[in-house]
Amino acid sequence: MLDEAKPGFAVVDLKLGIGSGLVCVQRLHDFDPAMKIVVLTGYASINTAVEAIKLGACHYLAKPSNTDDIEAAFARAETGNVEAQITARTTSIKTLEWERINETLAETGFNISETARRLGLHRRTLARKLAKRQIS
C-alpha cells in the first residue's frame, strides 16, 4: 500500500488493536525518513513520547486533539518552539505507576506477560490497570 500511495504525512494512534503504534511509526519512518508522522494517543506518557520521537515521529499529541492541532503539529515539524510553556506538574503516585508500566511495556516489546513478571504483578491485574487508566 505504501508503494502505491507514497504518503508524505501520517497520523498514527499509539494503541492499534492489541499492538503498539510505535511499530507502525518505525516502519513508516524506515520506508520514508522524510515522511512527517504525528502520534496521537489517549495513553500519553513521557516514555512513549520519547520513544515515538526516537523512532521518527515529528510530534506526539495527547487526545483529545482536533484537526487544527494535527495540522499545526505538521506545520511545526521542522522547528522547535523556544517559547513553549514550562508548567508545574504535580505527579501523583498513580501517574508514576502508569509511566513505569509504560516504560516496562516498551522495554519488553509490549509483551504483557513479561511486563507483569518484571513488575511483580499478576497478568490479569496488569491488564485491568491498562484497561482502566486512560490519560487524555
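I started with the contacts of T115: leaving out residues up to four places away in sequence, T115 touches I101, T104, L105, T108 and L126 (contact means heavy atoms within 4.5 Å). This is a predicted model, where local features need pLDDT of at least 70, side-chain atom pairs count only at pLDDT 80 or more, and totals for chains, interfaces and linings use all residues. Residues are numbered from 1 along each chain as its sequence is written, and side-chain values use heavy atoms, with hydrogens and water left out.

Next I looked up where T115 sits: it belongs to helix α6, residues 112–119 (helices are DSSP runs of H or I, at least four residues, numbered from the N terminus). T115 has a relative accessible area of 0%, so I noted it as buried (under 20%).

Then I checked the ends of α6. N111 caps the N-terminal end, with a side-chain oxygen 3.0 Å from the backbone nitrogen of S113. After α6 comes G120, with a positive phi near 75°.

I moved on to α5 (residues 93–107) and α7 (residues 123–132), whose axes come within 11 Å and cross at roughly 115° (axes are lines fitted to C-alpha atoms over the stretch in contact, and angles run from 0 to 180 degrees between N-to-C directions). The two helices are therefore roughly perpendicular (65 to 115 degrees). On the α5 side, E97, W98, I101 and L105 make the contact, and on the α7 side L126, K129 and L130 do.

How values were computed. Angles under 35 degrees count as roughly parallel, over 145 as roughly antiparallel, 65 to 115 as roughly perpendicular and the rest as oblique. Buried means under 20% relative accessible area, exposed over 50%, partly exposed in between (1.4 Å probe, protein chains only). A polar contact is a pair of N or O atoms within 3.5 Å; within protein, one must be able to donate a hydrogen and the other to accept it, and residues adjacent in sequence count only if both atoms are side-chain atoms.
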